[in-house]
Amino acid sequence: MSGEAPGILIVGAGPAGTRAAETLVAHGMAAILVDEGQRSGGQIYRQPPQGFTRPAEALYGFEARKARSVHAALASLGEALDYRPGTLVWNIEKGIAHTLGPDGVGRIAFDSIVLATGAMDRVIPFPGWTLPGVFTMGGAQVALKAQGCAIGEPVVFMGTGPLLYLVAYQYVHAGARVAAVLDTSRAGAAIPVLPGLLWGGRTFAKGLWYMTWLRAAGIPVRAGITPVAADGERALEAVLYRDRRGRERRIACTGLGIGYSVKSEVQLAELAGCEMAFDPLAQQWLPEADEDGRALKGSIYLAGDGAGVAGADAAELRGRLAALALLADRGIAIDRALQARLRGRLRRIMRFRNALERALPAPFHLARTLPDETVICRCEAITAGDIRQGRALEPAELNRAKAFTRVGMGRCQGRVCGPAAAQILAAARGCDVAEVGRLRGQAPVKPLSIRAGAAAAVEDRARAASI
Amino acid sequence: MSEPSSTEAACRLVRLAETGRPGVTIHHGGRPLSALAGDTLLTALLCNGVTLRRNEFDGGPRAGFCNMGACQDCWVALEDGSRLRACTTEVWDGMRVHAPDDAP
Ligand SMILES: Cc1cc2nc3c(=O)[nH]c(=O)nc-3n(C[C@H](O)[C@H](O)[C@H](O)COP(=O)(O)OP(=O)(O)OC[C@H]3O[C@@H](n4cnc5c(N)ncnc54)[C@H](O)[C@@H]3O)c2cc1C
Ligand code: FES
């Protein structure tokens, strides 16, 4: 044991974790905040490494003000918060978080924990998607935001969801050559009539704005397409798709960003002991929690996209609400009027999100009908056919399929292939995807790098520099 | 189309901004490659046309995918035997990356 008395631990320094930390500190609480990233901000407000010079406006566009505010909020906490960047939590059990940080492995004892672990791209595999040059939409965005690079020349973006038009816009804006934006949804712009969408008019208007801007910039935008394949000998050379009339098309490109909105990162919540429930809208198993993010049992609080995807503004609200719930549970006086206001704002966003998810469901039918030879698990090259052959197993638990075909046993633990694999298995069995069960989170949630040599090298460099 | 043999033709990442950073040199299989301070190892290798790895199961060339530490498809080895996730590791001057004999 570390000898320290257990306290409050927050995992994740994105908008949710940052606002949770800020709220706790404002109430005089001590807390530890860890994030595996070197710099705070999470996905949307990700900061490039030291030495990069583009201003917030160039990095975050419309969201520059919010990005600055979230970064400043964390910086302002100073010594009052024990912030530990570069620290991965790879397991949680019995009030102990197991970490891997700059000084190697460690343990943090806690009596309350706020999990603000965020989200990653939702991926639907298709033939050729393992070729060099194919990235997730988020990966393409990280290349630009945090490294100043485009994923190819020219680039195509394919999939659906808010990131599709946003990332394409950011690329064109930064001077990248974008050959096309291919949207699997037909609806495109034709849905603002849904009553729920009125609640999020601003968010929705932004999506429309990006799409219109791209068209005006002469970028071909095609809706209602079906992905066919990523093509290339040793690396990506072109993307093949069928247009809405069913004609096959080919676009030459060396970079392809794919994604179908995002999905919650839930492994730690599960290891911490949260009850999991299948969310039919997200088509994902999510930790159960009340409106404020209070898990059903234990002193576990969930905040931000890790507790179900609702976006960055909601993440800030949910970070605050989770912290307020934690404080209230400890008998600390909180501002109930503020809590009510935050809940109201969150409800409006959730209404919009739900309407959007319903209007633009992830096209999982694309996964169910993939040819047998398509690689689904990119860690271990397991194909759709392998998964389908696992269907004789009873009960039809994805964990059994995993034992059979090893889907989800690869390095990524099914983060990438899990949702598609579940859909393929469900289709093969003719059952609902909720019935095939889920891949359980396992420790370590990410492979631990053997850094001994690297650490020694860093020390050597430091020594060399000081001589 | 001719075979993309020169590293230039096979560049996978294209620099658009932030190119004024100080240069660093890393080594891939002994070959010196130029990179910029603050590059991740993934950026540095792909900007030099080096594909990161081959998949152990189907032998296919791989060059990362998520670029954010989630998919684990970018692990590479250093010459000292340590293994790193290329998309979340910043390069340092003199970094020596192992290149497998069949490096793609
Ligand atoms: C690639 C990507 C790009 C996105 N871009 C946009 C965008 O441009 N606009 C938009 O509105 N929304 C975007 N989103 C949606 C985004 O998830 C939310 O808007 C917002 O970032 C959610 O905030 P959060 O605090 O819940 O999570 P995040 O911002 O994702 O922060 C979670 C943090 O937790 C850390 N973490 C996770 N697991 C661990 C662990 N085990 N140990 C230690 N640290 C851990 C991560 O390093 C991360 O910093 C994007 C999502 C993704 C995946
Ligand atoms: S590219 Fe996915 S973990 Fe590095």
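**Figure 1. Domain 1 and domain 3 of chain A meet in this predicted model.** Seven residues of domain 1 of chain A contact seven residues of domain 3 of chain A. Domain 1 covers 7-120 + 263-332, and domain 3 covers 365-436. Their C-alpha centres lie 30 Å apart. The two domains bury about 620 Å² between them, with carbon and sulfur atoms giving 56% of that area. On the domain 1 side, K263(A), Q267(A) and Q283(A) lose the most area to domain 3. Together these three account for 53% of what that side buries. The rule finds one salt bridge across this interface.

**Figure 2. R415(A) forms a salt bridge with E265(A).** The closest N and O atoms of this pair are 2.7 Å apart. The cut-off for such a pair is 4 Å, so R415(A) and E265(A) qualify.

**Figure 3. Chain B and chain A share an interface that buries about 4,100 Å².** Carbon and sulfur atoms carry 57% of this area. Chain B brings 45 residues to the contact, and chain A brings 57 residues. In chain B, R12(B), E18(B) and F65(B) lose the most area to chain A. Together they make up 20% of what the chain B side buries. Four salt bridges are found across the interface. In a salt bridge between R411(A) and E56(B), the side chains meet at 2.1 Å, N to O.

**Figure 4. Chain B holds one helix and eight strands.** Along the sequence the pattern is β-β-β-α-β-β-β-β-β. Chain B has 104 residues, and 54% of them count as buried. Take the contacts in chain B between residues at least 6 apart in sequence: 42% of these join residues at least 24 apart.

**Figure 5. L84(B) sits in strand β7 of chain B.** This strand spans residues 83-85. L84(B) has a relative accessible area of 3% and is therefore buried, the limit being under 20%. Q72(B) is 12 residues away from L84(B) along the chain, and their C-alpha atoms are separated by 9.9 Å.

**Figure 6. An open sheet of three strands in chain A runs in the order β13-β14-β15.** The pairing is antiparallel. At the edges are β13 (226-231) and β15 (248-252), each pairing on one side only. From one strand to the next the twist averages 20°. Strand β14 (residues 238-242) pairs with β15(A) over five bridges. Within the sheet, Y241(A) stands opposite R249(A) of β15(A).

**Figure 7. β4(A) and β5(A) form a hairpin with two residues between them.** Five bridges join β4(A) to β5 (residues 96-101), and the two strands run antiparallel. I92(A) stands opposite A97(A) in β5(A). Strand β4 covers residues 88-93 of chain A. Five of its six residues are buried, so β4 is largely enclosed by the rest of the structure.

**Figure 8. K94(A) lies in the loop between β4 and β5 of chain A.** K94(A) is not a glycine, yet has a positive phi of about 45°.

Figure 9. S261(A) is found in the loop between β16 (255-260) and β17 (262-264) of chain A. With a relative accessible area of 14%, S261(A) is buried.

**Figure 10. A cis peptide bond links E153(A) to P154(A).** Omega is near 0°. P154(A) belongs to the loop between β9 (149-150) and β10 (155-160) of chain A.

**Figure 11. The loop between α13 and α14 of chain A holds P444(A).** A cis peptide bond joins A443(A) and P444(A), with omega about -5°. L439(A) is found in the loop between α13 (418-429) and α14 (452-466). L439(A) is buried, at 16% relative accessible area.

Definitions and conventions: Residues numbered from 1 in each chain as written. Chains lettered and ligands numbered in written order. Predicted model: local features only at pLDDT ≥ 70, side-chain atom pairs only at ≥ 80, totals over all residues. Heavy atoms only, no water. Helix = DSSP H or I, 4+ residues; strand = E, 2+ residues; numbered from the N terminus. Buried < 20%, exposed > 50% of the residue type's maximum accessible area, 1.4 Å probe, protein only. Pairing = 2+ DSSP bridges. Axes fitted to C-alpha atoms, helices over the stretch in contact; angles between N-to-C directions. Domains from an automatic or database assignment. Contact = heavy atoms within 4.5 Å. Buried area = accessible area lost by both parts, 1.4 Å probe.
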